[in-house]
Amino acid sequence: MAHEPRTQTHNDERFGPPPNPQGRRLSAQEEAQLPHIIAKPRARYAWAAGIAISAFLEGLKRGKILGRKCVGCGRVLVPPRMFCERCFRPTDEWVELPGTGVVETFSVSYIDTDANRVEEPILVGTIALDGAPPHCGFMHYFGEVSPEELHIGMPVEPVWKPEGERVGSILDIRYFRPRGR
Amino acid sequence: MIPKSDLRKPRRDVAVVGAGMTVFARRLQETGKEMAWEAAKQALDQAGLTLDDVDAVIVGTAPDAFDGVHKKGEWLLDGAGGSGKPFMRVFTGGGTAVMTPIVGWWHVASGLFDTVLVVNEEKMSSVRPHAQSAFAHIWDPILDRPLKPNLVWIFAMEMQRYMWTYNVRYEDIALVAVKNKRNAVGHPCAQLADPDITLEDVLNSEPLALPVRRLDISPPSDGAAAVVLTREEIAYELTDAPVFIEGVGWCIDTTMWTNRDLAFPKFVARAAKMAYDMAGIKDPRKEIDIAEPYDPFDYKELQHLEALGLAEPGEAAILTREGKTQRDGELPVCPSGGLLGVGNPIAATLGIKIGELYWQLSRQAGPRQVKKDARTGVAQAWGDLMQFSSVVVMRRR
Amino acid sequence: MAFFEPMQKATEPRHWLGDMEADHYFYGAGVMGQRFFEALRDEGKLLGSRCERCDWTYVPPRLYCERCFAELKELRDVGLRGRVKAFTVVYVNKQGEPLDPPEVFALIEFGPNITPFLHKLGDAPPERVHVGMVVEAVLKPPAEREGKITDIRYFRPI
């Protein structure tokens with residue numbers, strides 16, 4: 001019993017310039033014949049928020065956006081961290097930010113998290129927060145704005161869930177909308 | 001303070017003497033090991049070496065979650081030829097494609113080993129319904145994932161910021177996808193080669209997360225690639241035209257991606273500076289003849305060319321529009337067809353970055369061979385949470 | 001040094017619960033695995049691939065010799081009979097619950113210079129199992145075989 005050879009020596013003049021691959025994509029019919037095992041992963045996780053982000057989430061519950069100041073470099077880190085990765089020292093104090101900012105960048109997404117198509121595009125982006133260093137902030141949705149209006153540099157503000165519905169989650173902010181709308 | 005030693009001075013010169021790769025496509029039939037072996041065997045055959053000549057083996061492969069096995073490096077071991085030898089796995093996300101040859105380089109340059117086999121493999125078809133399920137876990141579970149993000153978003157946002165900051169037109173970015181998918185026509189491993197693709201095809205392709213459309217993205221894929229590295233004296237015994245690794249560099253930016261300037265990848269520029277300094281390159285625009293920057297998205301090729309010092313920020317799109325980055329242009333870029341044309345089995349793109357530079361610089365690239373007499377080239381890869389880059393400068397002396 | 005201050009309330013640190021969304025994995029048997037399982041299913045045979053240079057046979061077969069990297073083209077039927085090279089008696093299942101009766105798993109060698117093969121022993125009281133014991137594969141009836149390792153029910157002592 002023997003099978004067709006699967007590699008070729010490049011230095012053999014019968015073959016073209018490298019590379020000289022052998023395999024191919026199989027047809028759906030051929031794929032259906034392949035011996036295989038299907039297995040379902042059963043991996044459950046509890047992801048810790050950590051000290052800084054736990055306090056940040058508590059802040060969101062109270063309708064506040066909190067940062068952490070490093071006196072070494074003077075930066076206010078948002079999302080907050082208990083250490084400054086640049087100065088490599090503990091950060092020093094909690095700072096409440098006004099919550100407003102500008103659109104740092106955005107996307108008009110016609111696909112959801114599972115790559116399914118959505119009719120109404122999801123407006124998503126990052127917000128450069130007032131009171132934080134340039135480019136610094138977090139990702140969130142945009143609302144009360146059309147895809148055509150949305151632009152980089154647009155001043156925005158958070159729209160909070162009612163206090164009773166807030167649980168200490170990034171989703172306690174519903175979305176950011178153009179400031180003063 | 002103790003002065004720093006000249007850390008970047010390698011002890012020995014290291015050359016690439018062989019490369020191999022498999023077809024990039026959905027490969028349900030072969031196991032990852034079998035693909036790794038096919039690529040590794042080709043590379044050794046091309047070098048005229050056997051496994052007995054190999055002193056150590058480096059394997060590169062991305063998250064275990066793709067294949068659904070733990071310790072994927074060890075799992076691939078026998079197909080990569082590492083059984084019974086010094087062996088290590090390297091993983092720096094997409095940057096693995098050019099990082100494993102850097103690790104192979106220091107194994108030889110340091111004097112520890114003479115000949116090293118570098119094998120990268122990726123199988124993205126094992127995880128169902130889609131590799132996206134594994135990708136979802138690169139997002140922060142507390143701050144990002146409750147927003148139900150799609151991986152494409154992060155690239156869409158980066159692309160948007162890049163276009164806005166440097167006033168780059170989408171039409172020019174899309175030309176990169178056209179160029180690379182056409183270049184891939186000459187590549188026997190290509191998954192998405194298309195000789196007839198036009199700019200309109202890209203502009204009218206399905207909107208995913210705007211500004212990103214379907215044809216702006218390289219396809220997920222399965223495949224493997226390998227290169228053989230050896231010290232100078234052995235290289236000259238094996239071939240008249242070894243291609244030397246003259247400089248290497250790598251760098252990583254903060255993981256807090258919402259804190260970064262997304263328009264210009266400084267970490268790529270730092271990795272490039274390290275590699276250029278080692279290679280003695282002072283003016284990359286004059287001294288680099290050919291480039292294989294990482295192009296999982298069309299705009300990434302442009303951003304990377306700029307960070308590699310081959311164009312001013314915002315200028316790469318103009319070079320593309322003027323045809324200068326075509327295979328017969330002043331600076332051929334991704335003559336392999338790149339990830340956009342050949343496919344994107346993450347770590348295995350080694351074959352279209354380092355592999356392609358080796359074949360191009362040793363003038364073995366056949367129908368893909370660039371017109372100019374290219375002697376010095378740069379290859380680059382990029383990955384993790386769009387924060388890591390690896391850069392290699394190669395030269396035929 | 002707020003970093004090192006103890007938490008005031010146990011409820012303060014938050015966490016998120018979640019799953020890996022991957023629904024399932026497709027584990028293919030590979031080029032040689034396919035030949036192995038097809039022969040097992042259709043012919044009731046166990047195949048190995050032999051490297052002539054190294055005089056070494058892989059069971060199940062591999063496409064290449066991991067020692068010399070040669071492509072292995074020759075498949076040989078290694079028979080259904082072998083010897084126990086090593087074994088373990090298992091008294092608890094994966095969840096740690098007692099197994100009664102206990103199960104015996106063994107590495108089985110089909111001859112000299114052949115890689116050992118892992119499977120379960122059956123009709124084999126643990127006190128009788130020993131290294132060197134001759135065992136034989138008990139296959140499912142042809143109609144029930146699906147091209148899986150469980151097409152072999154177990155190996156039993158002769």
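Author: Across the interface of chain A and chain B, the rule finds 3 salt bridges (a side-chain nitrogen of Lys or Arg within 4 Å of a carboxyl oxygen of Asp or Glu). One of them joins Glu31(A) to Arg26(B). Their closest N and O atoms are 2.8 Å apart.

The model is predicted: local features need pLDDT of at least 70, side-chain atom pairs count only at pLDDT 80 or more, and totals for chains, interfaces and linings use all residues. Side-chain values use heavy atoms, without hydrogens and water, residues are numbered from 1 along each chain as its sequence is written, and chains are lettered from A in the order in which they are written.

Now the extent. In chain A, 56 residues are in contact with 58 residues of chain B (heavy atoms within 4.5 Å). Between them the chains bury about 4,900 Å², the accessible area (1.4 Å probe) lost on being put together, summed over both. Carbon and sulfur atoms account for 63% of it.

Next, the side of chain A that touches chain B. Its residues divide into 30 nonpolar, 17 polar and 9 charged (Ala, Val, Leu, Ile, Met, Phe, Trp, Tyr, Cys and Pro count as nonpolar, Asp, Glu, Lys and Arg as charged, the others, Gly among them, as polar). S8(A) gives the largest share, 9 residues. Strands here are DSSP runs (E) of at least two residues, numbered from the N terminus.

S8(A) also pairs with strand S6 (residues 207-210) of chain B. The sense is antiparallel, over 2 bridges; pairing requires that DSSP finds at least two. Within S6(B), Ala209(B) is the bridge partner of Ser109(A).

Terms used. Buried area is the accessible area (1.4 Å probe) that two parts lose on being put together, summed over both. Helices (H or I, at least four residues) and strands (E, at least two) are DSSP runs, numbered from the N terminus.
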